[in-house]
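Please read the numbered points alongside the structure.

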Amino acid sequence: MRKSWKMVDRRYQKKMTRYWAQEEAKAHAIMDRVLESEWYDYWHTHLDWKGRANRHITDRIAVTAALLQLFARAISAGRKGVQCWVMLAPDTGNSALYLHSPNPQGTAWPHPFDGTCWDVEPPGWLAPLLTSGLQLGSWGEGDGQRWMVRARSPGNASGTPEAQA
């Protein structure tokens, strides 16, 4: 019988709280170095490398909240000409924070977000995590659906393709 997402073993919850704290600390240490870079070519970091948040909805919420916290930190750095977004994948091991800018590799900039539908209705677990300054998009369908989160541009209700970090 499958365990209800509302019934989480306390030992498991304690273990996962420690795990997320360690992973967040690693991610913040990486961000300290990365935010000093001059350019980004789809630089990204995964918070849940082992995909542990796939086990339980409370873990999926925890990894999403932590990625959005890293996103807020990147945005608050105030870097002009840098796109910043979070991609939430069905497998949480693939969910990541992205930074992208014009770069010597010649990668297209700004990232066009082809196929992404913006201003979509968030799923119930994600809605409480989204603040008013964020724009939610959806890409793909069914089991392959991904959620994209970026900062909404001021003065433009539908946003623009880039969010400055």
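1. Arg60 lies over the face of Trp125, at 6.0 Å from the ring centre. A charge is taken to sit over a ring if NZ of Lys or CZ of Arg is within 6 Å of the ring centre and within 35 degrees of the ring normal.

2. The model is predicted: local features need pLDDT of at least 70 and side-chain atom pairs count only at pLDDT 80 or more, while totals for chains, interfaces and linings use all residues. Residues are numbered from 1 along each chain as its sequence is written, and side-chain values use heavy atoms, with hydrogens and water left out.

3. Rings of Phe, Tyr and Trp (its six-membered ring) pair if their centres lie within 6.5 Å; planes under 30 degrees apart count as stacked, over 60 as edge-to-face and the rest as tilted. By this rule there are four aromatic pairs. One of them joins Trp85 and Tyr98, whose ring centres are 5.3 Å apart and whose planes meet at 5°, so this pair is stacked. Because Trp85 belongs to strand 2 (residues 83-88) and Tyr98 to strand 3 (residues 96-100), the pair ties together parts that are 13 residues apart in sequence.

4. Trp85 is buried, at 3% relative accessible area, and Tyr98 is buried as well, at 15%. Here buried means under 20% relative accessible area, exposed over 50%, and partly exposed in between (1.4 Å probe, protein chains only). Phe113 and Trp118 form an edge-to-face pair, 5.3 Å centre to centre with 80° between the planes. Phe113 is buried, with a relative accessible area of 4%. Tyr42, Trp85, Tyr98, Phe113 and Trp118 make up one aromatic cluster.

5. Where is Asp143 found? Asp143 is in the loop between strand 5 (134-139) and strand 6 (146-151). Its relative accessibility is 77%, so Asp143 counts as exposed. Asp143 and Pro90 are 53 residues apart in sequence, and their C-alpha atoms are 6.8 Å apart in space.

6. As to the overall fold, the protein chain has two helices and six strands, in the order α-β-α-β-β-β-β-β from the N terminus on. Helices (H or I, at least four residues) and strands (E, at least two) are DSSP runs, numbered from the N terminus. Of the 165 residues of the protein chain, 39% count as buried.
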